[in-house]
Amino acid sequence: MKKFLSLFLLLSLSCFSAEVKEFNLLTYKDKKEFKLADHLGKQVIVLNFWASWCTSCITELPELHALKTKYPKALFIGINSG
């Protein structure tokens, strides 16, 4: 059975979902490889694409923090465009 992720993107306070293909990233803190496939089907995953120059991205930070507080078992991943 093919694994897939229903992804919720929070963009300027509007939400939608989309299927995401597998990808790997290096983590900022320890430069280790993060494999999305290792987390599929195990927990809710919230990916947030942001940039330091994006005013909407900055505005939505309190909402993301509130979601993280409400759903502490969810995996929140921020991906910086820069």
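Mentor: Happy to. Buried residues make up 26% of the 82 residues in the protein; buried means under 20% relative accessible area, exposed over 50%, and partly exposed in between, with a 1.4 Å probe and protein chains only. This is a predicted model, in which local features need pLDDT of at least 70 and side-chain atom pairs count only at pLDDT 80 or more, while totals for chains, interfaces and linings use all residues. Residues are numbered from 1 along each chain as its sequence is written, and side-chain values use heavy atoms, with hydrogens and water left out.

Trainee: Good to know. How many helices and strands does the protein have?

Mentor: Two helices and six strands. Here helices (H or I, at least four residues) and strands (E, at least two) are DSSP runs, numbered from the N terminus. From that end the order is β-β-β-β-β-α-α-β.

Trainee: And what share of the contacts links residues 24 or more positions apart?

Mentor: Among contacts with a separation of 6 or more, 54% are between residues 24 or more positions apart. Contact means heavy atoms within 4.5 Å.

Trainee: Let's go inside. Which residues form the largest nonpolar core?

Mentor: There are eight: Phe34, Leu36, Leu40, Ile45, Leu47, Leu75, Ile77 and Ile79. β5 (45-50) and β6 (75-80) each supply at least two of the core residues, and β6 gives the most, with three. A nonpolar core is a set of buried Ala, Val, Leu, Ile, Met, Phe, Trp, Tyr and Cys residues joined through side-chain atoms within 4.5 Å.

Trainee: What about Phe49, is that one buried or partly exposed?

Mentor: Phenylalanine 49 is in strand β5, and counts as partly exposed because its relative accessibility is 41%.

Trainee: Switching to pockets: what is the volume of the largest one?

Mentor: About 330 Å³. On a 1 Å grid over the protein atoms alone, a pocket is an open set of points where a 1.4 Å probe fits, with protein on both sides within 12 Å along at least five of seven lines, and lining residues have an atom within 4 Å of a point. Grid points are joined across faces, edges and corners, and the volume is the space filled by probe spheres set on the points.

Trainee: Which element gives the largest share of its lining?

Mentor: β6, with four residues. The lining includes Leu25, Tyr28, Phe34 and Trp50. By class it has seven nonpolar, three polar and no charged residues. Ala, Val, Leu, Ile, Met, Phe, Trp, Tyr, Cys and Pro count as nonpolar, Asp, Glu, Lys and Arg as charged, and the others, Gly among them, as polar.

Trainee: And the second largest pocket, what lies nearest its centre?

Mentor: Asn48, Trp50, Leu61, Leu64 and Gly78, out of 15 lining residues. The volume of this second largest pocket is about 230 Å³. α2 gives the most to its lining, with four residues. The classes here are nine nonpolar, four polar and two charged.

Trainee: Last one: what does Ser81 touch, leaving aside its neighbours within four places in sequence?

Mentor: Trp50, Ala51 and Trp53 are in contact with serine 81. Serine 81 sits in the segment after β6, and is exposed, with a relative accessible area of 56%.
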